[in-house]
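User: Please take me through this structure one feature at a time, giving the general idea before the particular case. Could we begin with how one element is laid against others?

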Amino acid sequence: MTRRGYAGTYLALALLLIAALVASAGIGAFSFAPARMVRFLLEGAGWLPPNEAETLGRSVFLQLRLPRVLVGALTGAVLGVSGTLMQGLFRNPIVEPGLAGTSAGAALGAALVFVLGSGSALAFTRPLGSFAVPALAFAGAFGATLIVYRVSSSFGKVNVFTLLLAGIAVNAVCGAGTGFLSYIARDPQARNIIFWNLGTFTTADWRGVAFIGVTFVVCFLGALRYQKALNALMLGEDAAALLGFEPSRVILRLLVLNTLMVAVATAMVGVIAFVGLVVPHILRMLRSSDYAFLVPASALLGAAMMEIVDVVARVIVAPAELPIGIITAVVGAPIFLWILLRDQRQGNARFYG
Amino acid sequence: MVELHRVSYRAGGATILSDVSVRFRPGRFNVLLGPNGAGKSTLLRIATGLAQPASGEVRYADRSLRSFDAQELARSRAVLTQHVEMAFPLPVADVVMMGRYPHFGRVPSSTDREIARQALTTVGMAEKSDQPYPTLSGGEQQKVQLARVLAQIWKTDGEGTSTSSHRYLFLDEPTTNLDVHYQLHVLNIVSRLIDAETTIVAILHDLNTAFQFGDHFLLLHQGRVAFEGDSAADLPIDVLERVFDVRARPITDPSTGESYWRFGLT
């Protein structure tokens, strides 16, 4: 709460994000110079007459590149904020949606619709139309997260050892469910599930931008109201209650907001692990564990980091591209192990027992 | 004044508190004593509003505890518990500022900042203001928690003698795990808060420390009040021995005339 110049850090993060966005929008099979991108944007908005010689470039930029960049940035913001919120809820620095079952639950829910959506078993989802995937993803994510939270918390305290084991169990069950669905799926569906389990922005479109964008803004604004409560929860649920908060209500609401945005993002782009872990961790080291700082800052850094990863995914094996989740796991997992090792050396290991 | 009227509490089929009526008055150091499992912590949880009694009522200055909303209550009632661990490296100043959370919206006022600063100075930790909390020693951490609790119920000069100027401070074994220096330091700071509008209730395990600082005693045994009185001298030795299942022998310091207890197993 004490604002010792967070503004400077926000500014630096915002500049990083803008640079990452411009780079990500410009680099790829088609490359675009910044001036050309600005012109396309103005043409797309109807403020400039369209240049007929550039029809292909413009439509690649406006229909493929731009939605992809925005979906990536929004997903990064969602995962960054989600990691921050979950670490606050579980009062531990090593929690993120991939570990606590949230992503796997969302994946299972979404895979159900992919494979069985046209059959009679899921006939009830048909009136939902294109909302069916995010809706079932939310149901799966919320159920999975709630199980992990309930199992790992007792008497107002979260046992992180139990949390991780419960996360493993729930992830395994959801993974088995998703695996079973891809096994019984007809070929194109199965291929979809596999790609999507690794996380990918290749299918990003303006519909995805709208879905993720709206849920992110709503959930982010909601989460901003709980900055003080998240800080107070660091002291434990009783201490938070004694400071005038209602921990069970705060936890349930944050769990819903968090699950909602993770589910929608996962439904659109698949499972992307470790971003939610790494982003808040960097910010804690950089500045502070004050949630009044972490919540907004993790949105900015999450978005910027996802853009950087996406550029890498596109150029590293060009002209092909790697699924995003592979890169985040390859980079994120060692960082996760490093955090564990370092904390063990510093004697912080008690938080994991 | 904090008043418990015919309070009972049950958990898992066992009676933890049975029909306990007790008054904690302001202007003195109320101490809650009793062996493990006597119901002290439960009584404190009920008195602070963390737990609801199965029957009976809690009143703060003649107002039912139920009629307070959580935030309103948090402005006048604070609790210092045993050692609080934090998994995150928050600066000390931010931890103390949490005590002001019930008093401001999104951003602390200059008054809140000033109170947090004064609270930290009161516990002698002003120079550690920017240090990450987890890097402090256990004793220092407890002093920071005390500062947070003091900041929560800090009295500003403008306040008159309205009902809102009443303060309630509860301490649940605040000195467990502290060495003797920090024990005395913490309890001395708390003692200095005693005034006509501040009700202080502490659970203390060390009987000699309790008798040294307390000036009103409530001894709980098996969910009932076994003794209540203003002076340790009034506490019959046989009650003390029976409740704690020990032999107790008073020893008088010839230079001061004060009595201490020496305990042994029966």
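Analyst: Helix α1 (residues 40–48) of chain B lies across β3 (29–33), β6, β7, β8 (198–203) and β9 (216–221) of chain B, and its direction is at about 155 degrees to that of β7(B). Helices (H or I, at least four residues) and strands (E, at least two) are DSSP runs, numbered from the N terminus, while axes are lines fitted to C-alpha atoms, for helices over the stretch in contact, with angles from 0 to 180 degrees between N-to-C directions. This is a predicted model, in which local features need pLDDT of at least 70 and side-chain atom pairs count only at pLDDT 80 or more, whereas totals for chains, interfaces and linings use all residues. Residues are numbered from 1 along each chain as its sequence is written, and chains are lettered from A and ligands numbered from 1 in the order in which they are written.

User: In what order do the strands of the open sheet of 6 strands in chain B run?

Analyst: Strands of a sheet pair through backbone hydrogen bonds, either parallel or antiparallel. Here the order is β6-β7-β8-β3-β9-β10 (chain B), and the pairing is mixed; two strands count as paired if DSSP finds at least two bridges between them. The edges are β6 (77–80) and β10 (224–229) of chain B, each of which pairs on one side only, and from one strand to the next the twist averages 15 degrees.

User: Which strands stand at the edges of the open sheet of 4 strands in chain B?

Analyst: That sheet has the order β2-β1-β4-β5 (chain B), with antiparallel pairing. Its edges are β2 (14–24) and β5 (63–64) of chain B, which have a single partner strand each, so one side of each is left without a neighbour in the sheet. Strand β1 (residues 2–11) of chain B and strand β4 (residues 55–60) of chain B are joined in the antiparallel sense by 5 bridges, and B:Val2 is opposite B:Tyr60 in β4(B). Helix α1(B) packs on this sheet as well, where it touches β1, β2 and β4 of chain B and its direction makes about 125 degrees with that of β1(B).

User: Where in chain B can I look for a positive phi?

Analyst: Most residues other than glycine have a negative phi, and most peptide bonds are trans. B:Gly257 takes a positive phi near 80 degrees in the hairpin of β11(B) and β12(B), which has 6 residues between the strands; strand β11 (residues 246–252) and strand β12 (residues 259–265) of chain B run antiparallel and are joined by 7 bridges. B:Gln222, although not a glycine, has a positive phi of about 50 degrees, and its place is the loop between β9 and β10 of chain B.

User: Is B:Gln222 buried, exposed or partly exposed, and which of these is A:Phe274?

Analyst: A residue is buried if 20 or more other C-beta atoms lie within 10 Å of its own, exposed if 12 or fewer, and partly exposed in between, with C-beta atoms placed from the backbone. B:Gln222 has 15 other C-beta atoms within 10 Å and is therefore partly exposed, whereas A:Phe274 counts as buried because it has 24 C-beta neighbours inside 10 Å. A:Phe274 lies in the loop between α11 and α12 (275–286) of chain A, and this residue, which is not a glycine, has a positive phi of about 75 degrees.

User: How do helix α8 and helix α11 of chain A pack?

Analyst: The axes of helix α8 (residues 206–224) and helix α11 (residues 247–269) of chain A come within 9 Å and cross at roughly 165 degrees. That makes α8(A) roughly antiparallel to α11(A) (under 35 degrees counts as roughly parallel, over 145 as roughly antiparallel, 65 to 115 as roughly perpendicular and the rest as oblique). Residues that make the contact include A:Phe211 and A:Phe216 of α8(A) and A:Leu257 and A:Met261 of α11(A); two residues are in contact if their C-beta atoms, placed from the backbone, lie within 7 Å. By class, the residues of this contact are 12 nonpolar, 3 polar and no charged, where Ala, Val, Leu, Ile, Met, Phe, Trp, Tyr, Cys and Pro count as nonpolar, Asp, Glu, Lys and Arg as charged, and the others, Gly among them, as polar.

User: How many residues does each chain give to the contact between chain A and chain B?

Analyst: Chain A gives 23 residues and chain B gives 22 residues. On the side of chain A, α9 (227–233) and α10 (237–242) are the elements that give two or more residues, and the largest share, 4 residues, comes from α10(A). That side has 10 nonpolar, 7 polar and 6 charged residues.
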